[in-house]
Amino acid sequence: MRPQTAWRQPSCCRSPQISCRAATGPVVNAAAAASSVLLPPETLRTARLLYATSGAPAHTYPGHPECAERVPAILTALETSGLTPYERPEELVQLEGFSAAPLEAVLAVHVGKYAEQLEKLSQRAAESGTAMHVEQETTYLTGSTYGDAMRAAGAVLALVDNVVAASRQREAEAASSSSSGSSSSPAAFAICRPPGHHCLPGGPMGFCIFGNAAIAARHAQRVHGLQRVLVYDFDVHHGNGTQAVFENDPDVLFISSHQSGSYPNTGKIGEVGTGAGEGATINVPLPGDSGHTAALDVFETIVAPAAQRFKPDIILVSAGYDAHWRDPLAGLQFRTSTYHALGACLKQLADQLCGGRIVFLLEGGYDLKALGESVANTFLGVLGEGPADAFNPDLLRDEPTEKVQQVLLEARRIHDL
Ligand SMILES: [Zn+2]
């Protein structure tokens, strides 16, 4: 059941209304989009949240936290919360029948040799029936990994395609006054694995096989002619792979908030991009124990003003849930309701800046119960409904408020925000 309690919008959602900016340019590569599946116009007209799942059940390794149980845990939580197309058929739509990512979309981010080697190694693992480590002890590969990684990226691309299609349809209908519905696009969420934000152009890293967010950003530009892409990464770890792809690109604004000093120990506040991309990378390394207040302050003082200045054509969110206080891999204290607030704020930002075009994609999150509840709360936030925090946060420690404010002041000074 969904909670019926009254809910007041977080203050970070109350930024000034900014007129929607139309998608720029025509579809430049229709062939690449043709591998995707587009929902019928009547579905795109009423949908408020699209999602796609790619659970990679055979990409798993004994004892490894990035495990096959993660996606089922999320789906169970969505079902428990009544967040299914069965219960809400016109608003929530599961996209099915999408294809794996086209190789050319992956090669817009990764070097060909890496994709080739990964396919060969995955084939070898399939033949031998043995999983292997491909990056010291951190990242593993099984016989299904190559196909799973291509399918995870494909899920994100298919959602980008549908969000853009819905946006163009609604803008056209609003212009011709043929519809009284919202001209804002539905949001989307890719419940996919393996994750991607640590993966480098030339190889896997930190549980990540292909850079799903980076691939989706390039796809939005190449296939849909969307010039400016904002990627916000709220995983507890720095999205070093995404940063590496775009650090000298002024058309992709990458913002990462993460726990200072956590894996892979990159994402220092002074890493701001290079060359033409200087200033288009924003890092906010938060001190240990930072929690709900810090997360909302990051949004309000860094993410929202930077986005308003940048004026993205689409927002992608590397949605990792390992900053949750229950997560075993790190030391921040986000609550389940923190992810609700982030979902609400980010959807509102997309409505203000880019016709509502926003696609969340799963990164980390390793406490299965917290992961499921937090994704369900992100859904509720995106839908503009109240939070449902199942946990009693009595064990939370005080947030290091003064240290957080120092970091935010420094980031604002560096980026003139
Ligand atoms: Zn992480």
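Student: How far apart are the mean positions of the positive and negative charges of the protein chain, and what makes a residue count as charged here?

Tutor: The mean positions of the 30 positive and 43 negative charges of the protein chain are 4 Å apart. Lys and Arg count as positive and Asp and Glu as negative, while His and the chain ends are not counted; each charge is placed at NZ of Lys, CZ of Arg, CG of Asp or CD of Glu. The model is predicted, so local features need pLDDT of at least 70 and side-chain atom pairs count only at pLDDT 80 or more, whereas totals for chains, interfaces and linings use all residues. Residues are numbered from 1 along each chain as its sequence is written, and side-chain values use heavy atoms, with hydrogens and water left out.

Student: Which protein atoms are called donors of the zinc ion, and what makes them donors?

Tutor: Asp235 (OD), His237 (ND1) and Asp322 (OD) are the protein donors, lying 2.0 to 2.1 Å from the zinc ion. A donor is an N, O or S atom within 2.8 Å of the metal (3.2 Å for Na, K and Ca), and because water is not among the atoms, sites may look incomplete. Along the chain, the donors follow the spacing D-x1-H-x84-D. His237 lies in the loop between strand 6 (229-233) and helix 8 (240-246), and Asp322 in the loop between strand 9 (314-319) and helix 10 (336-353), so the pair ties together parts that are 85 residues apart in sequence.

Student: Why is His237 called buried, and which class does Asp322 fall into?

Tutor: Buried means under 20% relative accessible area, exposed over 50%, and partly exposed in between (1.4 Å probe, protein chains only). His237 has 9% and is therefore buried, and Asp322, with 1%, is buried as well. Over the protein chain, 59% of the 417 residues count as buried.

Student: What makes Ala56 and Phe207 worth a look in terms of phi?

Tutor: Ala56 has a positive phi of about 45° although it is not a glycine, and phi of Phe207 is near 75°, a positive value in a residue other than glycine. Ala56 lies in the loop between strand 1 (49-54) and helix 3 (70-80) and is buried at 4%. Phe207 lies in the loop between strand 5 and helix 7, and with 14% relative accessibility counts as buried.

Student: Which residues is Ala115 in contact with, leaving aside its neighbours within four places in sequence, and how do you know that they are contacts?

Tutor: The criterion is heavy atoms within 4.5 Å, and on that basis Ala115 is in contact with Leu103, Leu107, Tyr146 and Phe210. Ala115 belongs to helix 5 (residues 112-128) and is buried, with a relative accessible area of 4%.

Note on methods: Helices (H or I, at least four residues) and strands (E, at least two) are DSSP runs, numbered from the N terminus.
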